[in-house]
Amino acid sequence: MINHEYSRIISLSFPPDTSGQPMMYNLAKLFDLTFNILQANINPRREGHMILELSGTRERYQRGVTYLQEQGIRVTPAANQISRNEDSCMHCGLCTSLCPSKALHLNHETRRVDFDQNKCTACNMCVTICPVRAMTVEIDPLTW
Ligand code: SF4
Ligand code: SF4
């Protein structure tokens, strides 16, 4: 059977009593998943947040996410946290030079800026630079 690689960028919110536990180690050890932490803000006795790319087979990925949820961690796709106001965006391209994951990129055929939500890591860079405030992020990393 072929095990296709599956990868998603997800946002984790840790309640205060789970922060500091070796969840990431367990994801690798128990479910053979690999992860790349893109943002993290974990403080003892406070809710913690993390954005990471989690990869493995689809079945292991789903088991790993279920494991996290069973530990009381809220798991949501990072892409859910960012949106673009299509009416406001004037396709100036300013954000494409900053976007680290190329979720925002210039479409050379249409000469417009495409937004691929699935690649977004919710880093907030485009929100800061957009002159018309077309990009919005639900969680502001500065307030984590
Ligand atoms: S900087 Fe703002 S207006 Fe310009 S392309 Fe990006 S989202 Fe659109
Ligand atoms: S928040 Fe904006 S700059 Fe950051 S990855 Fe997502 S689209 Fe790109």
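How many helices and strands does the protein have? In the predicted model described here, the protein has three helices and eight strands. Along the sequence, these elements follow the pattern β-α-β-β-α-β-β-β-β-α-β. Taken along the principal axes, the C-alpha atoms fill a box of roughly 45 × 45 × 20 Å.

Four of the strands form an open sheet in the order β2-β3-β1-β4, with antiparallel pairing. The edges of this sheet are formed by β2 (34-41) and β4 (74-77), each of which pairs on one side only. From one strand to the next, the twist averages 25 degrees. Helix α2, which spans residues 58-70, packs on the sheet and touches β1 (5-14), β3 and β4. The direction of helix α2 makes about 155 degrees with that of β3.

The pairing of β2 with β3 can be described at the level of individual residues. Strand β3 comprises residues 48-57, and its antiparallel pairing with β2 extends over seven bridges. Within this pair, Ile37 stands opposite Leu52 in β3, and Ala40 stands opposite Met50 in β3. In a regular strand, side chains alternate between the two faces of the sheet. The hairpin of β2 and β3 has six residues between the strands, and Arg45 in this hairpin takes a positive phi near 65 degrees.

Ligand 1 sits in the largest cavity.

Ligand 2, in turn, sits in the second largest cavity. There are 14 residues around ligand 2, of which Cys99, Cys120, Cys123, Asn124 and Cys126 come nearest. By class, the shell around ligand 2 has 11 nonpolar and three polar residues.

How values were computed. Residues numbered from 1 in each chain as written. Chains lettered and ligands numbered in written order. Predicted model: local features only at pLDDT ≥ 70, side-chain atom pairs only at ≥ 80, totals over all residues. Heavy atoms only, no water. Pairing = 2+ DSSP bridges. Helix = DSSP H or I, 4+ residues; strand = E, 2+ residues; numbered from the N terminus. Axes fitted to C-alpha atoms, helices over the stretch in contact; angles between N-to-C directions. Contact = heavy atoms within 4.5 Å. 1 Å grid on protein atoms, 1.4 Å probe; cavity = no way out; pocket = protein on both sides within 12 Å on 5 of 7 lines; lining within 4 Å. Sits in = over half its atoms within 2 Å of the grid points. Near = heavy atom within 4 Å. Nonpolar A, V, L, I, M, F, W, Y, C, P; charged D, E, K, R; others polar.
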